[in-house]
Amino acid sequence: MIKVNLGGCSSFVKDADYSKYVGKALDAFDVLQNESGAGNDFLGWKTLPVDVTEDIISGCEAVRDSWKAKGINLVIVIGIGGSYLGAKCALEALSHSFVRPADQPQVVFAGNNLSEEYLAELMDLAKTSNVAVIVISKSGTTTEPAVAFRIFKEYVEATYGKAEAAERIVAITDASRGALKTLSNQEGYKTFVVPDNVGGRYSVLTPVGLLPIAVAGFDIRAMLAGAAEEREALMVKSADNAAVQYAAMRNLLHLENGKSTEILVTYNPKLTFLAEWWKQLYGESEGKDLKGIFPASVANTADLHSMGQFIQEGSRIMFETVVSVEKSNRSVVIGTDEQNLDQLNYLAGQHVNHCNAMAQLGTKLAHIDGGVPQMEVSIESINEKNLGAIFYFFEFACGVSAYVLGVNPFNQPGVEAYKKNMFALLEKPGYEEQTKAIKARI
């Protein structure tokens, strides 16, 4: 279960103000639970931990087993935004940092950028590998993943033949409509459904996240169990509810104390992509109507030697939310050196994780002294169950927090602006007038 520690904010806020914002968060909790707020047709994520069917779970596992039997050692997952960040986060957290087990495929991502060099280099890897593809798109026409899929679909068909390609391509898309669904029906691809009532950034516990995680060899049943356990805890309306506490404090710091930036801080490099997933979740959910807390991140202790100076003594615009991991899954002890030229013998016999914990505590004290409030969100260790819990915690807290702020947590109207300009500049049919207007401006 996720724990929240607000002690690092106590010197910055008044108890009465915090109580007021807890009340606001509890009201927002009711809006979310009663499904009476803006965007209430996109609340399918709330029950995913208990609604994901055995057919979906076993279907993901069947793809894993089928591809393993074929000797597939490279899976290219094509998607952008919420169609890849959750899976990428989980794989970065759960995988060995340097060694891939021989019986697990390498899972890589495409369709999240338009870099020609990236795609060419990924093709270099594909040509030396036994390849399968997971393509994730509700419509099948989103530019970045559509470009990548066209390229790798052509490669898989040319390399293995169309019939075998149909065994090596799985689509996660709309249940009944759209270009990708039509193509899947024509070519005979196995498909999984992106639920209509779940937005992309809330989709990690659908096949969007579950299939890549399963194919990589990790336990999606444990992940769903952890999310279900956290969901049960968060269903209790209480001032002690961790999501209520987090939502209340971040809005208090923003709306009453003028803090415009929240920095998600990690002290384990395995969680770097948790911050990337979190930034999309909160940035797209809250950044609208000229409102919102800007989501940023740092990976300590590395970033203490780069961003640390600004956080310590720069503009007082930010607060920190530290994701703490209580126990390391591995053990490394610092030894004794006879010469002691590095003057580290005082640490002899200590675990490296102890040093990391003291760096985290020392930084907390320094930043609080420097005027930076700090919250802490903690998990016991990094595993599938706890990742499921923290995914669900941040999603639920985001819904509560956005309703406190007074915005719709589940739309993203601003995302379309760049697309219209890009289509016009690419001279896409139907955009002739916009093309003329933009060319006049540039």
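**Entry 1: Phenylalanine 12**

I take contact to mean heavy atoms within 4.5 Å. The structure is a predicted model, in which local features need pLDDT of at least 70 and side-chain atom pairs count only at pLDDT 80 or more, while totals for chains, interfaces and linings use all residues. Residues are numbered from 1 along each chain as its sequence is written, and side-chain values use heavy atoms, with hydrogens and water left out.

I looked up phenylalanine 12 and found its place in the loop between strand 1 (3–8) and helix 1 (15–34). Helices (H or I, at least four residues) and strands (E, at least two) are DSSP runs, numbered from the N terminus. Setting aside neighbours within four places in sequence, I noted that phenylalanine 12 is in contact with Asn257, Ile368, Gly371, Val372 and Pro373. Its relative accessible area is 23%, so phenylalanine 12 is partly exposed. The terms are these: buried is under 20% relative accessible area, exposed is over 50%, and partly exposed is in between (1.4 Å probe, protein chains only). I also looked up the C-alpha atoms of phenylalanine 12 and alanine 299; they are separated by 24 Å, and the two residues are 287 residues apart along the chain.

Is glutamine 360 buried or exposed? Glutamine 360 is buried, because its relative accessible area is 15%. I located this residue in helix 14 (residues 352–369). Apart from neighbours within four places in sequence, glutamine 360 is in contact with Tyr267, Val322, Ser324 and Glu376.

I then turned to helix 4 (residues 85–94), which is mostly covered, with nine of its ten residues buried. Among the buried residues are Lys88 and Cys89. What covers the buried residues of helix 4 includes strand 3 (106–110), helix 9 (207–215), helix 10 (220–234), helix 12 (272–286) and helix 15 (384–405).

**Entry 2: Salt bridges**

I define a salt bridge as a side-chain nitrogen of Lys or Arg within 4 Å of a carboxyl oxygen of Asp or Glu. A search of the whole structure finds 23 salt bridges.

One of them joins arginine 221 to glutamate 54, with the closest N and O atoms 2.9 Å apart. This pair links distant parts of the chain: arginine 221 is in helix 10 and glutamate 54 in helix 3 (residues 54–69), 167 residues apart. Arginine 221 is partly exposed at 34% relative accessible area, and glutamate 54 is partly exposed at 43%.

Arginine 64 forms a salt bridge with aspartate 65, the closest N and O atoms being 2.9 Å apart. I recorded arginine 64 as partly exposed at 26% relative accessibility and aspartate 65 as partly exposed at 40%.

Between arginine 177 and aspartate 174, I found a salt bridge whose closest N and O atoms are 3.7 Å apart. Salt bridges that share partners join Lys138, Asp174, Arg177 and Asp196 into one network. Aspartate 174 has 4% relative accessibility and therefore counts as buried.

**Entry 3: A nonpolar surface patch**

I looked up a nonpolar surface patch of about 220 Å², made by Leu114, Val147 and Ile151. Patches are made of residues with over 30% relative accessible area and no salt bridge; like charges are joined within 9 Å, and nonpolar side chains (Val, Leu, Ile, Met, Phe, Trp, Tyr) within 5 Å. Accessible areas come from the Shrake-Rupley method with a 1.4 Å probe, and for residues only the protein chains shown count as cover. Valine 147 lies in helix 6 (residues 143–160) and counts as partly exposed at 35% relative accessibility.
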